[in-house]
Amino acid sequence: MVHNMQLMVDYETLPPREIERLSRAIFPGEWAVEGRRPISTLLGSCIAVCLYDSALPLGGMNHFMLPQLNRGRYVDEDVLLAGDACMEALLNAMLNQGAVRRRITAKAFGGGAVINTNQCPSRSVGQRNVDFIREWLAREGIPLIASDFLGPWSRKVIMLPTNGEVLCKRMATSMVNAETIAREEQAYAESLLKKPAGEGGKRIELF
């Protein structure tokens, strides 16, 4: 009975804090597709992309740290969740649940300067992520209809799959949670770069 009541929640009428409380949270290297339940995440230099098919309705969100990783023929399953593979995973999940490519639109957020950029002298992690997602969406023919990129902020992002709306709240990097986000993202990036292929997960062959 409780489960059925939750399915009947009109998320669009709730205040943002309650929507966030009821949302499905995703973290670096993750993605989710939902028909009703909101999806949320916290971003620093990472990017979150929200895909939406209004005809179903159906929405999905991912959260990736780096555009691409240098890798051999075999990689660990979680390493696939860098930007290029995370976008493919999200798009394929949308299509598998009935979305039609020509109807899909995108909104994207993140790329904030909350991680020390001295490690990337040519371009910041955030800027590289922004460049990547613009190029990827253009190549796939998916319109980017809204975005909030770069700047000295972390961001809280909540997507409503029922109508495709996305709530984005900027947060100053001096806040404790912004520092937490930066540590979380940097730890995730280091784990992707250092983890041997196949360790702790399924080995996947790339074609």
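**Ground rules.** I number residues from 1 along each chain as its sequence is written, and I leave hydrogens and water out, using heavy atoms for side-chain values. Because the model is predicted, I ask for pLDDT of at least 70 for local features and count side-chain atom pairs only at pLDDT 80 or more, while totals for chains, interfaces and linings use all residues.

**Entry 1: helix 3 and helix 4.** I took helices (H or I, at least four residues) and strands (E, at least two) as DSSP runs, numbered from the N terminus. I looked up how helix 3 (residues 83–96) sits against helix 4 (residues 125–140): the angle is about 40° and the axes are 11 Å apart. That makes helix 3 oblique to helix 4. For the angle classes, under 35 degrees is roughly parallel, over 145 roughly antiparallel, 65 to 115 roughly perpendicular, and the rest oblique. Axes here are lines fitted to C-alpha atoms, for helices over the stretch in contact, with angles from 0 to 180 degrees between N-to-C directions. I noted the crossing of the two helices as right-handed, meaning that the near helix is turned clockwise from the far one by less than a right angle.

I then listed the contacts (heavy atoms within 4.5 Å). From helix 3 come G83, D84, M87, E88 and L91; from helix 4 come F132, I133, W136, L137 and E140. I sorted the residues of this contact into 6 nonpolar, 1 polar and 3 charged. In that sorting Ala, Val, Leu, Ile, Met, Phe, Trp, Tyr, Cys and Pro are nonpolar, Asp, Glu, Lys and Arg are charged, and the others, Gly among them, are polar.

**Entry 2: helix 3 by itself.** I found G83, D84, A85, C86, M87, L90, L91, A93 and M94 buried in helix 3; buried means under 20% relative accessible area, exposed over 50%, and partly exposed in between (1.4 Å probe, protein chains only). The buried residues of helix 3 pack against helix 4 and several strands, including strand 2 (30–34) and strand 5 (58–63). Just after helix 3, I noted G98 with a positive phi of about 105°.

Entry 3: G60 lies in strand 5 and counts as buried, at 0% relative accessibility. Beyond four places in sequence, G60 has contacts that include A32, V49, L90, M94 and M159. I put E30 in strand 2; at a relative accessible area of 34%, E30 is partly exposed.

Entry 4: Most residues other than glycine have a negative phi, and most peptide bonds are trans. I found a cis peptide bond between L56 and P57, with omega about -15°; P57 lies in the loop between strand 4 and strand 5. L150 is not a glycine but has a positive phi of about 60°. L150 is in the loop between strand 8 (144–149) and strand 9 and is partly exposed, at 26%.
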